[in-house]
Amino acid sequence: MSTDAVEQVVADEATSPESIATAAPTPVLQLQDFCVDYGVGARAVRAVDRVNLRVDRSKVLGVAGESGSGKSTLVYGFTRLLRAPAVISGGSALFTAGPSREDSGEELIDLVGADEATLRRLRWTQISVVLQSALNALNPVVRVGTLFDAVYRAHRSDMSRAERRARSVELLSLVGLNEDRLQRFPHELSGGQRQRIMIALALALDPSLVIMDEPTTALDVVTQREILNKLAELRARFGFAMIFITHDLSLLVELADEIVVMYAGRLVERARARDLYESPRHPYTLGLLNSFPPMHGARHELTGIPGSPPDLSQLPSGCAFQPRCPYAMDRCAREQPPLAPLDEAGRYVACWLHVAGEHATVPVELRRAAPSSRDGGSGA
Ligand code: ATP
Ligand code: SF4
């Protein structure tokens, strides 16, 4: 199969009209060939390159990759939060608006072409984003209670002042904070408390998709663990879908259903969370896993990944990971590997080692049995 043909299979799998109509569970978001450039014309660099993915209702998609791999550009791109010089240069981002498939008000909206009024209608109520730094995201001169009140006044004019306050107290309690925090300014709260406030705000209007951009990066490991547990609990209770961005793959294994790994703006591996964590297929995924101490299980030596991510304006020919890859072959410097289906468990990999189909040539560390084939596990 040619590279173009394989890319087409992936694109069709992600977003064909048939899959929208019949697949179960319901997709809340589907990206097809989604591209974002910084700049235009000859000097433009492509920061997100033909990304195809789907997020099902109530599921968690983890997005992993080093700094600069394009994770934030991807999510701020399809949520239309990016400003110039960023430009969406191709593809679509189909969002299913509405609380459930049975709801008569459900509509399929391409976020790429949506006008500002539509985007304003969707933000907070259908899609909410928790930014990397809660301290920067929260207005320092506005008390927490005023922030909650402002969200409800803007979107729920039917609520009385008493109802807005009652709901704010309820939200704080959901994230494990006492109502006295409503009187505080952001700088009077710890990092973990501020991040909990951001999560509560993101859930205020019951969105169907919540995006978390490295929400725990600035926190100590104990607080990080508390926040992740809280997120898992809230998701199980309210059923929202979540996209969780991190450079630390080990954070995703418990939280995510599926994980995609990005490198130089492209998806290089996509798999069920446990499959990817326990039996990575792409050399970059393996390198990422060897860069962080595991949150559970046996400890292993941290080896990291030699070199650094490429300058997008001077990408190497062929596979972008080739200059750093210990398994690189001649072909890798000549041709870019497509993201191609690998197995029936829904794994996709962009690496010539696997696309070549020569099982014996795949290094043993990249062909360990996946958990599903060992124990019948579901992957997440
Ligand atoms: P981080 O974890 O550090 O946020 P990331 O994986 O989210 O990294 P992005 O912030 O999306 O990566 O950046 C993707 C690429 O886009 C990087 O190579 C970055 O240098 C480039 N980039 C980001 N903003 C701009 C800009 N305003 N102009 C040009 N290039 C940019
Ligand atoms: Fe390494 Fe080649 Fe696979 Fe790229 S295609 S990850 S260089 S083996």
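Ala256 is found in the loop that runs between helix α10 (252-255) and strand β9 (258-263). In this predicted model, Ala256 counts as buried because its relative accessibility is 1%, and buried means under 20%. The C-alpha atom of Ala256 is separated by 9.3 Å from that of Ala232, a residue 24 places away along the chain.

**Overall make-up**

The protein contains 15 helices and 12 strands, and of its 380 residues 51% are buried. When contacts between residues at least 6 apart in sequence are considered, 65% of them join residues that are at least 24 apart.

**Pairs separated in sequence**

| Pair | Separation in sequence | C-alpha distance |
|---|---|---|
| Asp56 and Phe240 | 184 residues | 9.7 Å |
| Thr125 and Leu205 | 80 residues | 5.0 Å |
| Ala256 and Ala232 | 24 residues | 9.3 Å |
| Gly113 and Ser92 | 21 residues | 8.1 Å |

Asp56 belongs to strand β2, which covers residues 45-56, and with a relative accessibility of 16% Asp56 counts as buried. Gly113, by contrast, is found in the loop between β5 (107-110) and α4, where its relative accessibility of 64% makes it count as exposed, the cut-off for that class being over 50%.

Thr125 lies in the loop between α4 (116-122) and β6 (127-130), and its relative accessible area of 22% places it in the partly exposed class. Which residues does Thr125 touch, when those up to four places away in sequence are not counted? The contacts of Thr125 are with His155, Leu205, Asp206, Pro207 and Ser208, so that Leu205, whose C-alpha atom is 5.0 Å from that of Thr125, is also one of the residues that Thr125 touches.

Helix α6 comprises the 12 residues 144-155, and its length can be checked against a simple expectation: at 1.5 Å a residue the helix should span 16 Å, and the end C-alpha atoms are 17 Å apart, which agrees. The expected value follows because the span is taken as 1.5 Å times one less than the number of residues.

The buried residues of α6 are Val144, Gly145, Leu147, Phe148, Asp149, Val151 and Tyr152. An α-helix has 3.6 residues a turn, so residues three or four places apart point the same way.

**Backbone features**

The peptide bond that leads from Ala84 to Pro85 is cis, with omega near 15 degrees, and Pro85 lies in the loop between α3 (71-78) and β4 (86-97). Arg80 has its place in the loop between α3 and β4 as well, and phi of Arg80 is near 60 degrees, a positive value in a residue other than glycine.

A positive phi is also found at Asp33, where the angle is about 50 degrees although Asp33 is not a glycine. Asp33 lies in strand β1, residues 27-38, and with 29% relative accessibility Asp33 counts as partly exposed.

Where does ligand 2 sit? Ligand 2 sits in the largest cavity, and there are 13 residues around this ligand, of which Cys319, Cys325, Cys332, Cys351 and Trp352 come nearest. By residue class, the shell around ligand 2 divides into 11 nonpolar residues and 2 polar residues, with no charged residue. Cysteine and tryptophan both count as nonpolar in this division, and the residues that come nearest to ligand 2 are Cys319, Cys325, Cys332, Cys351 and Trp352.

Methods: Residues are numbered from 1 along each chain as its sequence is written. Chains are lettered from A and ligands numbered from 1 in the order in which they are written. This is a predicted model: local features need pLDDT of at least 70, side-chain atom pairs count only at pLDDT 80 or more; totals for chains, interfaces and linings use all residues. Side-chain values use heavy atoms; hydrogens and water are left out. Helices (H or I, at least four residues) and strands (E, at least two) are DSSP runs, numbered from the N terminus. Buried means under 20% relative accessible area, exposed over 50%, partly exposed in between (1.4 Å probe, protein chains only). A residue is near a molecule or strand if one of its heavy atoms lies within 4 Å of it. On a 1 Å grid over the protein atoms alone, a cavity is a set of points where a 1.4 Å probe fits but cannot get out, and a pocket is an open set with protein on both sides within 12 Å along at least five of seven lines; lining residues have an atom within 4 Å of a point. A molecule sits in a cavity or pocket if more than half of its atoms lie within 2 Å of its grid points. Contact means heavy atoms within 4.5 Å.
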